[in-house]
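Here are some exercises to work through with the structure open beside you. Try each task yourself before you read the solution.

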Amino acid sequence: MITHNLGYPRIGSRRELKKACEQYWSGRMTAHELHQVAKSIRQENWQLQQKAGIDLLPCNDFSFYDHVLDTTLMVGAIPERYHALAAEQQLTETDLMFAMARGYQKNGYDITAMEMTKWFDTNYHYIVPEFTANQRFSFFSDKIIKEFNEAKRQGFSVKPVLLGPISFLLLGKKRGKDFHKLDLINNLLPVYLEVLKTLDNNGVHYIQFDEPCLSLDLGDKERSALVKVYDAIQKAFPYLHIILGGYFECYGNNLATVLSLPIQTIHIDLIRCPLQLDDILATGIAKKRINLSLGVVDGRNVWKNDFDESLKLINKAMDAVGSERVWIAPSCSLLHVPNDLELETDEQSLPLMVKDWMAFARQKIGEVVLLANLASESPSDEALHQFEQNRQSMNNRRISSFIHKQSVKERARSVAERDTYRDSVFQERKKKQNEALHLPLFPTTTIGSFPQTSEVRTWRSKWKKGELKIEEYDALLKEATKNSIEWQENIGIDVLVHGEFERNDMVEYFGEQLEGFVFTQHGWVQSYGSRCVKPPIIVGDVERKAPMTLDYTQYAQSLTVKPVKGMLTGPVTILQWSFVRNDQPRSETCLQIALAVRDEVADLEKAGIQIIQIDEPAIREGLPLRKENREAYLDWAIKAFKVSSSGVKDETQIHTHMCYAEFNDIIESIAKMDADVITIETSRSQMELLDAFAVFNYPNDIGPGVYDIHSPRVPSKEEMIQLMQKAMSVIPLQQLWVNPDCGLKTRNWDETKLALQEMVEAARYLRAL
Ligand code: GLN
Ligand code: ZN
C-alpha cells in the first residue's frame, strides 16, 4: 500500500516565506537570499514527510506566490503588457512573476497586476490566467524541472505536481475577442508534452495532474477535452504513471469520464464525498488496472482523523480491489491547513484537551502513514497503541462537557418559523423607521471601520503584552471613538458609526468573546501571496455569555443625537472565516452563532440603538461548487441571517453589507434576507452590479458603494454624483443610500476625511435636484 501526499504548506512553519518575500520586495533581501529561504523550506518539507514515512512526496507544490501563476509562466502565457517591461528591464523569471502578481510601479512603469480570485471554495486566492483568442503558448519556465532535480539530488522520491491543462484553461479569463477557452487546448497540449518530455529525460516515474475542475458541473465539451488530453499524454509517455488529482467535491457526473481516462491512479476526496467510494466500486473497477488513492485525511480542516471511520473505507476498498491497488493520502493538498500543531503551546488559547483533537499538516502526514500501517496485515505495536489513543481522543471529544452544552443545542432545536421574520413587511417597517429616524433622502453612512492606524494597533499589542492596563487601553479606544463621532457629525454624515477601533478582525473579535471558540498562535494559512490568515477554530457549541459590542456602541451613541449604527458580523461570515467543527452539520453551528448574534441585536435595541448592521460579506463564498447543493446551503444560510436579525421591532432598522462582485445568481436569496438596507460594493463596476437588483425589482433600500476603498485615490464629488445618477437610472431614488464600498480600516485618515467630505457634498447636491 503506497502512501503519498498531494501538496505541503509552502509558507514555512514560522511563515519564513512571507517574511522573506516581503523583505525582498522592500529591497532588504537579495534574490540569492530569497532563493535560499525557498530552498530550505522545500528541503525541510521533504525531509519531514520522508521521515514520517510517506512513500511518494510532492514536488513543485512549492510556490513563491501561487501555483496557478507558476503554471502560467511554465506555459509562457505572459500577458502582452509585461513583454516590454521584461525585455527592457531584463527581469529575472522571479521578478517577472512578482510583477504579474503584484503589478509594477517602478522606473517609470505603471503596469497593473493580473486579477486574483478565490480557488474553488477555499480562502486561497490564485492569479487568474489571461487568454486571448489564438493564445500562443511555449515552454517558458522550467521551475518544475528544477524542483524535481533538486529533490532527486537530495535523495527524495518525488512526483512532480502539475495543474492539469483542462483546469488551467477553465480557470483563466478571456481577453478581447470572444472564443471558447477549450479551443486553446491544441496550442497548449504540445507545451505540456514538452514539459513531460523534459521531466522524462530527467528520469520521472510518477506525475500528479491536478484537475480540480472535476468538482464542477462540466459539459460534454469539457469532458471530451479531458479524454483527448490524457489519451495524448498516455500515448506519448506510455510508461509514465499518472495520478489524477480531483478534490473538493464528488466527481459526480464526471465520474464515468474520469474512470475512462488512461491513467494509473485516481484520487478520491473521501472527506467531501465518502459515498463516492461505493459508486466507484460499483462500476466494476476491480476488473480494471487502476489504483485508488483514498483521500481519507482531511486537507481542509484541523481535526484529528477518526481512524475507525477511515479504516472502514480503506478496508472496503482493499476487499474490492486488493491492497496493492489502494493508496492512502490526505483529501487534497495540505496547503489549506496550518503547518504544525506542536508549535501551539499556549494553553490559554488552545487548551490541551482540545489540542488532542486536532492535527495540522505535519500531524496529518503522520496519520496517513499510520493508517497504512493499521490497514496492513500485521500492524506494528506502536501503530496499535496509537490507534487506541486515537479512539480515546475521539471518545473524549464526543462526550466532552467543554463543547457539548445541552441548553445551547436545545435552544437551536427549538428555533421556530416565527423567529425567522420581522413583525411587518418592509413597506410598513419603512414608514415606521422614517418616523423614528427622520433621515433625509440619500442618507449618508459608512460601512463601519475607520482607519486602523499603526497607533491603534500599537495600543492593542501593548495591552496584549501587559504594557497597558485594560482601563488605559479602553480609554484610548474611547478617545478615538469620540474623535470619530465628532468628526462625522461635523462633516454632516447622517448615520454614524463608532469606528471599530477595538477590533483586531471582524471575526476574531467576536470569536474571542463567544464560548465554543479556540485560537492558535501559529495556525497560519496562505490566503494569497505573502498574505496569511489565522482563522479562529469553532470547536464547541457556541454561546454568548455577555454583550460583545454594547459598551463602545452605547458610548458612541451617548455623544451624539444622530443615530449610531451598531456593527456586528453575521453568522455565515463568522462560520465561513473560521475552521469549523466537523462533528455536526455546518448548518447547526451556524444557527447557534445566529442565536448569539440575535441576543446581541436585542441588547443593542434595548440600549436605544435604532440602526444595526449585520455584515455578511462571506455569504456568497460559501456557495457549494455544484449547483445541485446550492439551494440547501442558501436555505440554511439565509435562515441563519434571519434568525440573527428578526428579533427587533419594526422601528429598528437592520442593515447588512456584502462586498463581492456577483449578485445575479443569488439575488433572490438576498431579497429573502429582507434587510431594511443593504450596502454593496459597486464602484469598480461602475454600478453595473446594481442591474441584478434592478431586474429583480429589489424592494428594500440599497447603498451602492460610490467609491473604491481599496485604493488610496480620493474620488471627487462629481464622480460620485455621476455614479449615483447611474444608480438612480435603475433604482428608484427613495431606495438609495450614499456610502463607500466597504470599511475604511486599511486607509489613512487624510484620504478618508477628504473622500467622505466629497461624498457628503455629493449627497447634498443630489437632494437639491
Ligand atoms: N464592518 C466591516 C468594516 O467596515 C465590514 C468589513 C467587510 O465587509 N469585509 O470593516
Ligand atoms: Zn465590505
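A residue counts as buried if 20 or more other C-beta atoms lie within 10 Å of its own, and as exposed if 12 or fewer do. Keep in mind that you're looking at a predicted model.

**Exercise 1. Work out whether glycine 164 is buried or exposed, and find its contacts.**

Step 1. Find the spot: glycine 164 sits in the loop between strand E6 (158-163) and helix H7 (165-171).

Step 2. Count the neighbours. Glycine 164 has 25 C-beta neighbours inside 10 Å, so it counts as buried.

Step 3. Set aside the neighbours within four places in sequence, and glycine 164 is in contact with Phe209, Asp210 and Glu211.

Step 4. Check one of these partners along the chain. Glutamate 211 is 47 residues away from glycine 164 in sequence, yet their C-alpha atoms are separated by 5.2 Å.

**Exercise 2. Describe the chain as a whole: what are its secondary structure, its radius of gyration and its share of buried residues?**

Step 1. Start with the elements: the chain has 28 helices and 22 strands.

Step 2. Compare the radius of gyration with a simple expectation. A compact globule of 769 residues would come out near 27 Å, and the chain has 27 Å, so the two agree.

Step 3. Look at the extent. The C-alpha trace spans about 75 × 65 × 55 Å along its principal axes.

Step 4. Turn to burial: 47% of the 769 residues are buried.

Step 5. Finish with the contacts. Of those with a separation of 6 or more, 79% are between residues 24 or more positions apart.

**Exercise 3. Divide the chain into domains, and say what domain 1 brings to the contact with domain 2.**

Step 1. Get the bounds. Domain 1 covers 2-349 + 367-372, while domain 2 covers 406-412 + 428-768.

Step 2. Take the centres over C-alpha atoms: those of domain 1 and domain 2 are 36 Å apart.

Step 3. Count who takes part. Domain 1 puts 31 residues into the contact and domain 2 puts in 22 residues.

Step 4. See which elements are involved. On the side of domain 1 that touches domain 2, helix H1 (16-25) and strand E3 (116-118) each supply at least two residues. H1 gives the most to that side, with 3 residues.

Step 5. Sort that side of domain 1 by class, and you get 15 nonpolar, 7 polar and 9 charged residues.

Step 6. Bring in the record. An unreviewed UniProt entry lists residues 3-318 as "domain: Cobalamin-independent methionine synthase MetE N-terminal". In the model, that stretch is 42% helix and 14% strand, and its end C-alpha atoms are 14 Å apart.

**Exercise 4. Find phi for glutamine 90 and methionine 687, then decide for each whether it is buried or exposed.**

Step 1. For glutamine 90, phi is near 45 degrees, a positive value in a residue other than glycine. Glutamine 90 is placed in the loop between helix H4 (83-88) and helix H5 (93-102).

Step 2. Count around glutamine 90: there are 9 other C-beta atoms within 10 Å, so it is exposed.

Step 3. For methionine 687, phi is also positive, near 70 degrees. Methionine 687 is in the loop between strand E21 (677-680) and helix H26 (691-695).

Step 4. Count again: methionine 687 has 23 other C-beta atoms within 10 Å, so it is buried.

Key: Residues numbered from 1 in each chain as written. Chains lettered and ligands numbered in written order. Predicted model: local features only at pLDDT ≥ 70, side-chain atom pairs only at ≥ 80, totals over all residues. Helix = DSSP H or I, 4+ residues; strand = E, 2+ residues; numbered from the N terminus. Rg over C-alpha atoms; globule rule 2.2 N^0.38 Å. Contact = placed C-beta atoms within 7 Å. Domains from an automatic or database assignment. Nonpolar A, V, L, I, M, F, W, Y, C, P; charged D, E, K, R; others polar. UniProt positions renumbered as here; feature names shortened; annotations may be inferred.
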